[in-house]
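User: I would like to learn how to read packing features from a model. Please take them one at a time, with the general idea before the case.

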Amino acid sequence: MTTEAAPPHGGTGPTPASPTAEDFTRVQQSPEFAELRSSYRSFAFPLTVAFIAWYLLYVLLSSYAGGFMGTKLFGNINVALVLGLAQFATTFLIAWLYSRHAAAKLDPKAQAIKARMEAGE
């Protein structure tokens, strides 16, 4: 397969050298990277554990509390259906919260690290 696209237009200056393994190791051991990793983990891990617990509760209720899950709330809508739909709602809520967290906290820190690394600092 060929393409008609022109190669990317770079600056007129020399092409910067690619980062080495030592550069990546140095950045990984920096306090800024540790702060970025900590910020990510402090958000992602608790929400992951909470969502897994919520999902397992739903599965266990479905398996062992059939009477409760079959309780009609209104019309043909029962507890199982409401909790099942709530699973989808919480999935989208967590994705939205993560997107906000990443844009506000993670992306600026990652951009700063990337800029320093590209500048060769």
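User: Which residues make up the largest nonpolar core?

Analyst: A nonpolar core is a set of buried Ala, Val, Leu, Ile, Met, Phe, Trp, Tyr and Cys residues joined through side-chain atoms within 4.5 Å. Buried means under 20% relative accessible area, exposed over 50%, and partly exposed in between, with a 1.4 Å probe and protein chains only. Here the largest such core has six residues: Val-27, Leu-36, Ala-102, Leu-106, Ile-113 and Met-117. Helix α4 gives the largest share of this core, four residues. Helices are DSSP runs (H or I, at least four residues), as are strands (E, at least two), numbered from the N terminus.

User: What are the model and numbering conventions?

Analyst: This is a predicted model: local features need pLDDT of at least 70, side-chain atom pairs count only at pLDDT 80 or more, and totals for chains, interfaces and linings use all residues. Residues are numbered from 1 along each chain as its sequence is written, and side-chain values use heavy atoms, with hydrogens and water left out.

User: Which residues does Met-117 touch?

Analyst: Contact means heavy atoms within 4.5 Å. Leaving out residues up to four places away in sequence, Met-117 touches Pro-19, Asp-23, Phe-24 and Val-27.

User: Is Gln-87 buried or exposed?

Analyst: Gln-87 counts as buried, at 8% relative accessibility. Gln-87 sits in helix α4 and touches Phe-51, Trp-54, Tyr-55 and Tyr-58, again not counting residues up to four places away in sequence.

User: How many aromatic pairs does a search of the whole structure find?

Analyst: A pair of aromatic rings is described by the distance of the centres and the angle of the planes. Rings of Phe, Tyr and Trp (its six-membered ring) pair if their centres lie within 6.5 Å; planes under 30 degrees apart count as stacked, over 60 as edge-to-face and the rest as tilted. The search finds two pairs. Tyr-40 and Tyr-98 have ring centres 6.3 Å apart and planes at 90°, so this pair is edge-to-face. Because Tyr-40 lies in helix α2 (residues 31-64) and Tyr-98 in helix α4 (residues 79-118), the pair ties together parts 58 residues apart in sequence. Phe-43 and Tyr-98 form a tilted pair, 5.9 Å centre to centre with 45° between the planes.

User: Which residues form one aromatic cluster?

Analyst: Tyr-40, Phe-43 and Tyr-98 do. Phe-43 is buried at 18% relative accessibility, whereas Tyr-40 is partly exposed at 37%.
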